[in-house]
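User: I'd like to learn how to read a protein model one feature at a time. Could you walk me through this one?

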Amino acid sequence: MKVNGVVHTEPKDPRRLLSDHLRHDLGLTGTHVGCEHGVCGCCTVLLDGAPVRSCLMLAVQAEGHEVTTIEGLAAPGSPLHPVQQAFHECHGLQCGFCTPGFVMSVVGLLHEHPDPTPEQVDEGIAGNLCRCTGYASIRRAVHRAAELTK
Amino acid sequence: MKPARFEYHAPKSVDEACALLASLEDAKVLAGGQSLVPLLNFRLARPPHLVDINRIANLDRIYERDGGVAVQALARQSAVEDSDLAGRLCPILPAALRQVAHRVIRNRGTVCGSLAHADPASELPAVMMALNGHVVVQSRRGQRIIPAADLFKSVMQTALAQDELMVEAWFPGAHGKYGIAEESRRHGDFALAGGVRYGDRLALFGVAATPVMADPKDPTKGLQPSGDLEATPEFRLHLVQAITDRLFAA
């Protein structure tokens, strides 16, 4: 499988979840795990460009596919990805635990709806939980990200 | 988190998958995994064998058949939701899919997987009941069609035999009055109660062990929904009436 453009070998144990493979085997700890049953959205990554839950996939299933994690959005030292920049500007985070999942979901949302309506924004982030309940600023960040992406 | 130990099989064809299902004991089919993997993660399911069908080519088509929409086993819910064909021939299908979990889940989840999982609170089994659709299942013994009315047996139990793979779901062309309504505590959660209307047909979900057909004039007749932390049986009956009123108001 390719992760952030780099080819990696498959995990040996088919029980390994993609989320655990990214974190424990590849050291990509930017992908967070919260509930590990698909509810919280923290572990969202892109699979061939579309956001999916990495805790609901076996790592072996990503063989032959391209995975993008939060680390793959912008190289260290280079400017932030527009979605990251927007979350930064709008304070779209408090503790930050949910942030990687939100950012990856929003990247997918803006890919499908480059100019989202408020309803599409709410729908697009409905699958991610923020326990600090910073949703108002997260919403603002999504609209700002759409502006920055244009 | 780590599922209990299992042997992983990744067949490249439907024939190979059927051969595995016929020879392995207690094998479970893995398609989108959006219902099965949570069960594995919590070890609520401990199948000794997983047959992952995701590597089978040409099993993700959405195509017109007999005036309706045929959805193959690996067609993702998001693809069906976006399908012009489904929107044209069977608009209730994309409308119902938008109620299924969240888009990120639908990017991976499959229509056939939802039907095979047969959660009594899920939308698609009720859509299939209301429309009188069917599924096509295959095994080494051949193919057979199971009509919606015969498919759902109990909570997460279908009429599929252990060696059968659901290869296709078929939803008839549906141009009559339709609607889907449900109540859940949060958007994307499982419904406390829900209903699908097609013409004068009404299928309810979340209120019995399987989706059930009901009389729109007396929708709660014979229903004995269970109670849990989220809703009492009485509240679910109230919701059934309110949802039916809403669906048949127009």
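Predicted model: local features only at pLDDT ≥ 70, side-chain atom pairs only at ≥ 80, totals over all residues.

User: Where is the place of B:Asn132 in chain B?

Analyst: For elements, helices (H or I, at least four residues) and strands (E, at least two) are DSSP runs, numbered from the N terminus. B:Asn132 sits in the loop between helix 8 and strand 6 (134-139) of chain B. Just after helix 8, this residue takes a positive phi of about 65 degrees.

User: How many bridges join strand 4 and strand 5 of chain B?

Analyst: Two strands pair if DSSP finds at least two bridges between them. Strand 4 and strand 5 of chain B pair in the antiparallel sense over 4 bridges, and B:Ile62 stands opposite B:Val71 in strand 5. Both strands belong to an open sheet of 5 strands in chain B, with the order 4-5-10-6-7 and antiparallel pairing. Strand 4 and strand 7 (142-147) are the edge strands, each pairing on one side only.

User: Back to helix 8 of chain B: how many of its residues are buried?

Analyst: Helix 8 of chain B is mostly covered, with 9 of its 9 residues buried. Among them are B:Glu123, B:Pro125, B:Val127 and B:Leu131. As background, an α-helix has 3.6 residues a turn, so residues three or four places apart point the same way.

User: What does helix 8 give to the side of domain 2 that touches domain 3 in chain B?

Analyst: Start from the domain bounds, which come from an automatic or database domain assignment. For chain B they are domain 1 (7-55), domain 2 (62-171) and domain 3 (178-247). The C-alpha centres of domain 2 and domain 3 of chain B lie 20 Å apart. Two residues are in contact if their C-beta atoms, placed from the backbone, lie within 7 Å. By that test, 20 residues of domain 2 of chain B are in contact with 21 residues of domain 3 of chain B. On the domain 2 side, helix 8 of chain B gives the most, with 7 residues. Helix 5 (92-97) and strand 8 (152-154) of chain B also give two or more residues there.

User: How do the residues on that side of domain 2 of chain B divide into nonpolar, polar and charged?

Analyst: Ala, Val, Leu, Ile, Met, Phe, Trp, Tyr, Cys and Pro count as nonpolar, Asp, Glu, Lys and Arg as charged, and the others, Gly among them, as polar. The side of domain 2 of chain B that touches domain 3 of chain B divides into 14 nonpolar, 4 polar and 2 charged.

User: And between the chains, how many residues does each one bring to the contact?

Analyst: Chain A brings 20 residues and chain B brings 22 residues. Strand 4 (residues 50-53) of chain A supplies the largest share of the chain A side, 4 residues. That side divides into 9 nonpolar, 8 polar and 3 charged.

User: Last one: is A:Val121 buried or exposed?

Analyst: A:Val121 is buried because 22 other C-beta atoms lie within 10 Å. This residue is in helix 4 (residues 118-125) of chain A. Not counting residues up to four places away in sequence, A:Val121 touches A:Pro116, A:Arg139, A:Val142 and A:His143.

How values were computed. Residues numbered from 1 in each chain as written. Chains lettered and ligands numbered in written order. Buried ≥ 20, exposed ≤ 12 C-beta atoms within 10 Å, placed from the backbone.
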